[in-house]
Amino acid sequence: MPTSFFNKNVSETQIKLKNRIWLYAISFIVLFLLIVPSLVVIPMSFSASQYLEFPPKEWSLRWYENYFFSWKVENGFNDWMSATWTSVKVAILTIFVATPIGTMAAYGLVNGSSRLSKILFPIFISPMMVPIILVAIGLFYFFVQFKLVNTVLGLVLGHSLVAMPLVLIIVFSALKNYDMNQEKVARSLGATRFRAFREITLPQIKFSIVSASLIAFLTSFDEIIISLFVAGGDNSTITRSMFLALRDQIDPTIAAISTILIIVSSGLLILVQLLGNKDKST
Amino acid sequence: MKNTSLNISIENVTKKYDEFYALKDISLDITSGEFMTLLGPSGSGKTTLLMVLAGFTNPDYGSVKFGDEEVILKPPHLRGIGMVFQNYALFPHMTVEQNVGYPQKLRGVSKAEISRTVDEALTTVKLEGLGHRRVDELSGGQRQRVALARAIVFKPKILLMDEPLSALDKKLREEMQIELRQLHDKLNMTTVYVTHDQKEALTMSDRIAVINGGELMQLGSPNEIYEHPQNGFIADFIGESSLLPVKVSKGNVSIGSAKIKVAKQPGKDGDYLLVVRPEKVFLASANKKNDENYFHGELLDSIFQGESQLLVIKLANKLNKEQTLRIRIPNQSVTDKAFPSIGENVTLALKVADSYLVS
Amino acid sequence: MNLISDNVNQKELRRLAAKEGYTFFGLTLPYLVLVIALIAIPVGWLFYLSFIGRDGTLSLENYERMWKSKAYIKIFITTFKISILTTIICAAIGYPLAYFMSQLSKKWANICMVAVLIPFWTSLLVRTYAWLVLLQKKGLVNNILIDAGIISEPLKFVHNTTGTLIGMVHIMLPFLILPLYANMRAIDKDCMKAASSLGATPTRAFWTVFLPLSLPGLLAGLLIVFVLCLGFYVTPAILGGGKVIMAAMKISSNIEMYFNWGAASALGVVLLVVAGIILFIASKLVSVDQLGNR
């Protein structure tokens with residue numbers, strides 16, 4: 001068996017498995033190195049020691065306690081819970097800003113004049129192309145003028161700016177794969193444009209829209225740089241607090257927070273993958 | 001199931017994309033209850049015209065009237081037409097019943113009435129009992145019928161169809177051509193049908209409008225268009241004719257150096273084309289007759305095509321370029337002549353009455 | 001057939017067409033407004049600020065400082081050095097992985113893709129932190145090396161260039177793999193079969209057929225990674241420990257510590273211009289490439 005296994009053809013050009021072992025080895029190593037580092041944090045977060053040993057010599061939940069009960073601590077800087085709550089609040093609001101605006105824009109681009117689309121599309125993608133540090137300090141300066149620094153509104157605007165291109169791309173591609181003739185048919189049968197969109201198109205792209213919403217949430221929740229500049233004090237986000245803590249001292253509580261973040265992101269990601277494949281295409 | 005239908009008048013409809021004319025000043029009158037086919041090659045503008053009738057494309061100027069009412073400015077959902085698209089565009093997230101019932105739902109019809117009319121429509125297209133099925137469970141032919149049922153369930157006065165049969169295989173297509181025509185007769189709607197398949201047009205239509213380059217080339221019954229095409233393009237597009245260059249000068253018609261007689265002499269001198277339909281030309285018998293034109297040539301190819309034999313002959317006449325003539329002989333021919341062999345010299349005959357010139 | 005207004009219904013039809021155009025444009029308007037208000041205007045303002053000197057008057061001192069000051073030159077060199085190294089390493093280990101995945105069945109490829117996407121969507125901070133913990137003096141890597149007897153003293157993997165590079169490669173790798181994989185997946189398998197049937201050895205087929213066809217995706221990935229590295233802040237800040245200073249960090253410190261908006265803006269503008277030039281070259285190269293593949 002081993003010989004025939006290694007003599008299997010694995011490509012159109014009749015390369016045998018044994019000739020490709022090196023490729024498989026490199027690939028597995030790289031995949032390993034991609035996933036494992038993040039995962040190592042998980043067992044470490046249960047380590048009792050200040051130095052986060054791996055494997056932990058003593059198990060403890062102290063860092064989790066530190067995180068969940070941080071609101072009891074007087075020191076606002078390490079109030080993880082309140083920062084988490086701010087992040088969640090902002091992320092949810094970002095969904096409600098980025099998703100409708102991005103979806104409408106995608107629909108307008110797909111159905112509007114192609115000349116206009118060619119001009120608008122790069123403009124709409126620009127938040128992803130401009131170095132984020134520049135966006136961040138620009139927003140900071142701008143918000144200072146309008147007293148939006150350290151406000152939830154400011155954060156939502158900043159995060160939506162970064163999330164919208166992703167929503168646009170997801171919904172745009174879903175609409176491109178969708179047969180717009182169905183809207184035409186619905187209209188020929190008596191439906192107004194809006195009714196045709198609502199009853200025919202929307203149900204068929206709903207999974208993409210939900211995926212886009214989840215991506216918007218994740219983007220906002222994980223957003224660091226804009227939050228660093230725009231948030232602060234009472235309205236610090238969890239990312240900002242984590243960054244400052246990391247830069248100044250290695251607080252092991254971060255390991256606990258990281259574990260929770262990994263679980264939440266992975267969960268959302270799996271949800272997105274499952275939903276993304278469910279949109280029906282004709 | 002008689003249904004009062006409407007006539008359609010199209011006047012001076014023009015649509016320009018930058019410098020390109022998709023439709024050039026097209027005017028056409030479609031009689032109430034007629035089956036009109038818009039026939040033309042790809043890019044001719046036939047689909048654009050259909051879309052103008054439906055309201056999805058707005059022309060630069062022109063008028064479209066349904067009956068007495070000007071509809072050119074009306075949005076599609078208010079025009080009261082039924083439409084079948086090339087790829088059917090069925091709603092995949094709905095069942096057959098829901099698809100067919102959708103236009104009724106839009107009109108606020110009662111649930112009981114929806115159910116009744118949906119059943120009626122499905123029966124008309126021979127899909128009774130399949131209402132609960134999902135779209136992806138149906139075959140191509142079944143989907144086509146659902147699209148049709150959905151378009152007629154609300155008894156529109158006008159039915160528009162954009163190459164609805166092009167995705168079906170040959171046998172199914174030919175069956176559906178007959179069925180669609182029967183449906184049209186039964187429901188008495190004005191039908192405008194778009195296709196590039198000239199055989200389909202000849203089979204199904206009351207009248208055919210040949211469209212090319214955004215312009216109306218010829219309007220007439222299938223017979224008229226086939227027997228009397230008005231120009232070289234139509235003669236070439238319809239049927240399998242050979243077109244031979246002829247010169248008309250001072251009352252004489254000649255191919256190369258040989259003189260021929262034609263059914264109708266054109267008034268002006270100049271260059272024309274002789275339309276030779278493969279089924280009208282035949283192997284000449286020994287006797288020369290007065291009412292026949294003769295062509296001499298060498299047999300290049302003899303191709304078996306099932307029900308007929310196609311012979312390709314290279315003409316002996318000195319013409320500008322080599323001209324081949326195609327002749328089609330049914331394989332159960334009553335003539336006792338054997339088919340000539342390749343390389344043999346043959347003489348072909350064409351009745352003067354069938355010798356027809358176009359510009 | 002001219003634009004004479006007495007053509008039937010012409011005026012009304014034109015109005016109808018315009019209305020439709022406005023409707024679709026209107027749908028994109030909120031997005032456009034946000035982008036203009038939150039990017040175009042602020043960045044434009046920063047551009048203006050970059051020409052304001054310390055004393056508040058119009059001057060080029062911010063830009064002059066950048067090529068005169070040793071500190072700035074060092075920052076530029078560091079930024080470019082790390083960006084280029086990261087990009088090259090990503091390409092070197094990313095290309096084989098992308099190729100491997102593109103040859104798998106859809107099922108297995110998707111499973112591997114999950115392995116690529118999970119780190120991609122895991123918070124930047126978490127990943128950076130993970131490396132910080134792994135690479136520290138008492139961290140896992142050092143412990144393994146010491147236990148295996150390879151070294152006797154812990155090596156310094158963090159708060160230097162090495163740590164920064166490791167972290168950045170880890171973050172940037174998915175950005176290279178995704179467009180490259182998509183491109184490879186779309187390569188017609190029949191091309192390789194054709195090459196074989198024409199007499200090419202598998203290696204030759206790869207170099208002459210597959211590799212050229214995968215170049216647009218590779219190029220896209222390389223450029224995305226490079227541009228992202230240029231402007232990167234978080235990972236170098238944490239893993240570099242203050243010793244590795246990249247452009248973004250200098251921008252930040254200019255504002256947070258010195259309130260020198262002029263200097264920060266100027267550096268930001270330079271970053272933007274470099275990124276813009278690279279993306280522009282990319283857009284030209286990609287279209288030429290695709291033409292070449294026809």
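What follows is a short chat about contacts, strands and domains in this predicted model.

Trainee: What are the ground rules for numbering and confidence?

Mentor: Residues count from 1 along each chain as its sequence is written, while chains are lettered from A and ligands numbered from 1 in the order written. In this predicted model local features need pLDDT of at least 70 and side-chain atom pairs count only at pLDDT 80 or more, but totals for chains, interfaces and linings use all residues.

Trainee: What makes strand 15 and strand 18 of chain B edge strands?

Mentor: Strands are DSSP runs of E, at least two residues, and helices are runs of H or I, at least four, numbered from the N terminus. Two strands pair if DSSP finds at least two bridges between them. The open sheet runs 15-19-16-17-18 in chain B, with antiparallel pairing. Strand 15 (282-283) and strand 18 (324-330) each pair on one side only, hence edges.

Trainee: How do you know that strand 16 and strand 17 of chain B pair?

Mentor: Seven bridges join strand 16 (residues 292-304) to strand 17 (residues 308-315); the definition asks for at least two, so they pair. Gly297(B) stands opposite Leu315(B) in strand 17.

Trainee: Which domains does chain A have?

Mentor: Domain 1 (2-67) and domain 2 (75-276), with bounds from an automatic or database domain assignment. Their contact takes eleven residues from domain 1 and nine residues from domain 2, where contact means C-beta atoms, placed from the backbone, within 7 Å. On the domain 1 side, helix 2 (21-44) and helix 3 (62-68) each give two or more residues.

Key: Contact = placed C-beta atoms within 7 Å.
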